[in-house]
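Here is a short tour of a predicted model, written for someone who likes to click through residues while reading. Please keep the viewer open as you go.

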Amino acid sequence: MRFKRILPALLAIFLLLCCTGCGDRTSPSTETPQSTAAPSDSSTEVEQPMVVDAYNGSRQNSEGVLFTCAIPRVTLSGAEIDALNDELYQTFYTDKLGADGAPTGATSYDWYVCGDVLTLRITEDAGLEFMTYHVYSVRVSSAHVMTPEEVLTEAGLTAAAFEEQASAALGNAYCVWLSGELAQQEEPDARCLEQFQKTVSAENAAEAVPFLDESGACGVQTDPAQMDYSVWTVELDRK
């Protein structure tokens, strides 16, 4: 009984310490990116769209739920791009069809170009408490699908530095998310501490995927399903 009385106070203090000094960091985005036909003004100017719809349509499943799917296709030429486009269509459309032939969730995407790097972000919304994000980076000049290590090199970060910054950024993002949740309940519980520890763990940071944002700064993308709550794409602190 004494543990039950002490735990909420410890968690509250822990949360306060996590959030202290985090006000200048970028808060997570919970909005679903929308499919776009061209990059934003802050991106490198291109003569033709580098990403178009491979499929864009809406279908109603047997339960009467309407899902809209926008599946991207990269228009650069090359064997790696062909393989990427096949993977995107298979993963986000074909594999997502239910027994009734209708999609089991909504899919959207956005993209932009910064320097020589095309970044493609895909959002899946299956109607759960969280959305799932996927990110792909392509070297435009060589039509090469970049590895996470190559993205880090482009951003000027080592793997160790990225994981350290990713852990801090995700921890801050969790604190921001939790502060909103606490407005609906009296105090955090043991599950909050468990979630936070999992979020900032070395294992989670090692699984995070780096990408470049529209200004060339490095961001981090994680799988919310691994953390049991609604997490996001987060931008690392600028140096």
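Let's begin with helix α5 (residues 190-199), whose buried residues are Cys192, Gln195, Phe196 and Thr199. Looking down the axis of α5, these buried residues fall within an arc of 100°, so they line one face of the helix. The arc is taken from the directions that run from the helix axis to the C-beta atoms. Buried means under 20% relative accessible area, exposed means over 50%, and partly exposed is in between (1.4 Å probe, protein chains only). Helices (H or I, at least four residues) and strands (E, at least two) are DSSP runs, numbered from the N terminus.

Residues are numbered from 1 along each chain as its sequence is written, and side-chain values use heavy atoms, with hydrogens and water left out. Because this is a predicted model, local features need pLDDT of at least 70 and side-chain atom pairs count only at pLDDT 80 or more, while totals for chains, interfaces and linings use all residues.

**Overall picture**

- The protein has six helices and nine strands.
- Of its 239 residues, 41% are buried.
- Among contacts (heavy atoms within 4.5 Å) with a separation of 6 or more, 59% are between residues 24 or more positions apart.

**The β1-β2 hairpin**

- Strands β1 (residues 51-60) and β2 (residues 66-74) pair in the antiparallel sense over nine bridges; two strands pair if DSSP finds at least two bridges between them.
- Five residues separate β1 and β2 in this hairpin, and Gly64 in the turn has a positive phi of about 85°.
- Val51 has Val74 as its bridge partner in β2.
- Ser58 is found in β1, and it counts as partly exposed because its relative accessibility is 41%.
- Beyond its neighbours within four places in sequence, Ser58 is in contact with Leu66, Phe67 and Thr68.
- The side chains of Ser58 and Thr68 are joined by a polar contact of 2.6 Å. A polar contact is a pair of N or O atoms within 3.5 Å; within protein, one must be able to donate a hydrogen and the other to accept it, and residues adjacent in sequence count only if both atoms are side-chain atoms.
- Ser58 and Pro103 lie 45 residues apart in sequence and 8.6 Å apart in space, C-alpha to C-alpha.

**Nonpolar cores**

- A nonpolar core is a set of buried Ala, Val, Leu, Ile, Met, Phe, Trp, Tyr and Cys residues joined through side-chain atoms within 4.5 Å.
- The largest core has 22 residues, of which Met50, Val51, Val74, Leu76, Trp111, Leu118 and Leu120 touch the most other members.
- At least two residues of this core come from each of β2, α2 (79-92), β3 (106-114), β4 (117-125) and β5.
- A second, separate core of eight residues includes Leu170, Ala208, Cys218 and Val220.
- Leu76 touches Met50, Ile81, Val138, Val140 and Ala143, leaving out residues up to four places away in sequence.

**Two buried loop residues**

- Ala143 sits in the loop between β5 (132-139) and β6 (144-145), and with a relative accessible area of 9% it is buried.
- Although Ala143 is not a glycine, it has a positive phi of about 50°.
- Asp213 belongs to the loop between β7 (209-212) and β8 (218-221), and at 10% relative accessibility it counts as buried.
- A polar atom of the Asp213 side chain lies 2.9 Å from the backbone nitrogen of Ser215.
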